[in-house]
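Biologist: Please take one part of this model and look at it closely. I would like the contacts, the cover and the surroundings.

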Amino acid sequence: MTQDQWTAVDRYFTDLLAPADEALAATLADSTAAGLPEIAVAPNQGKLLNLLISMLGARSALEIGTLGGYSTIWMARALPADGRMISLEHNPTHADVARANLARAGLDKIVEVRTGSALDSLPQLEAEGAGPFDFVFIDADKVNNPNYVEWALRLSRPGSVIVVDNVVRGGAVLDAETDDPSVTGTRAMFELVSREPRLDATALQTVGMKGYDGLLVARVVA
Ligand code: SAH
Ligand code: DHB
Ligand code: MG
């Protein structure tokens with residue numbers, strides 16, 4: 001099995017089930033043109049987030065790690081017209097690109113992109129009484145994954161769903177000896193989730209255009 005094959009199969013699924021429209025295509029093009037890294041979720045992964053939100057009937061969503069707003073658009077499109085989404089981004093350039101992309105997609109009434117380090121913004125959200133959020137997507141600096149899951153719990157309710165991206169990283173998650181903070185952060189997150197009685201979770205390995213990676217899906221049970 002090769003990367004070319006994974007990419008070709010992703011393209012096959014995506015062309016049939018999650019085709020780009022003008023707003024999505026322009027979001028990726030403008031993100032690249034602005035120099036943002038090309039690490040957005042794949043189209044079929046964005047569609048998965050969109051479907052999870054639809055299936056839950058979620059009315060609110062929180063994203064940690066906006067980049068150019070590509071995953072944000074997939075998620076916000078599944079919210080009702082009076083739904084609300086907040087996406088946290090510490091890089092002001094990324095946040096500006098995302099705001100323009102969301103406006104072009106007609107989602108600027110639903111989504112607020114908040115600039116700042118997520119660990120500063122999350123307590124602010126709590127202080128403002130934001131939430132509980134029905135859906136939380138964690139996709140920022142992986143070293144803080146345990147902190148983000150803790151905050152997701154504080155800002156959610158029983159029935160909320162939390163998804164964490166990039167939890168496999170080519171199998172690096174298995175390396176207990178690593179000093180890569182992304183891996184130690186993700187491993188600490190798995191240990192936290194496994195011990196946390198308020199969460200019921202699973203994790204899946206994925207292959208596709210983004211290589212060999214995976215995601216964690218958790219339901220807040222209490
Ligand atoms: N969710 C996006 C991809 C996010 S990439 C998508 O799939 O389309 C990760 C993003 O997290 C980057 O834009 C990075 O600037 C941001 N980020 C990294 N550390 C952060 C922090 N501490 N607080 C907020 N955002 C952060
Ligand atoms: C990286 C980050 C992501 O969120 C992702 O989906 C892929 C790669 C990265 O930091 O390399
Ligand atoms: Mg990611």
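**Around ligand 1**

Modeller: Start with S71: one of its polar side-chain atoms is 2.9 Å from a nitrogen atom of ligand 1. That is a polar contact (a pair of N or O atoms within 3.5 Å). The model is predicted, so to speak plainly of limits: local features need pLDDT of at least 70, side-chain atom pairs count only at pLDDT 80 or more, totals for chains, interfaces and linings use all residues, and side-chain values use heavy atoms, without hydrogens and water. Residues are numbered from 1 along each chain as its sequence is written, while chains are lettered from A and ligands numbered from 1 in the order written.

H94 also reaches the ligand. An N or O atom in the H94 side chain lies 2.8 Å from an oxygen atom of ligand 1. V41 uses its backbone instead: an N or O atom there is 2.9 Å from a ligand 1 oxygen. Of the ligand's own 590 Å² of accessible area, the protein covers 92% (Shrake-Rupley method, 1.4 Å probe).

Now the shell. It holds 21 residues around ligand 1, and G65, S71, E89, H94 and D139 come nearest (a residue is near if one of its heavy atoms lies within 4 Å). By class, the shell has 9 nonpolar, 8 polar and 4 charged residues. Asp, Glu, Lys and Arg count as charged; Ala, Val, Leu, Ile, Met, Phe, Trp, Tyr, Cys and Pro as nonpolar; the others, Gly among them, as polar.

Technical notes
A polar contact is a pair of N or O atoms within 3.5 Å; within protein, one must be able to donate a hydrogen and the other to accept it, and residues adjacent in sequence count only if both atoms are side-chain atoms.
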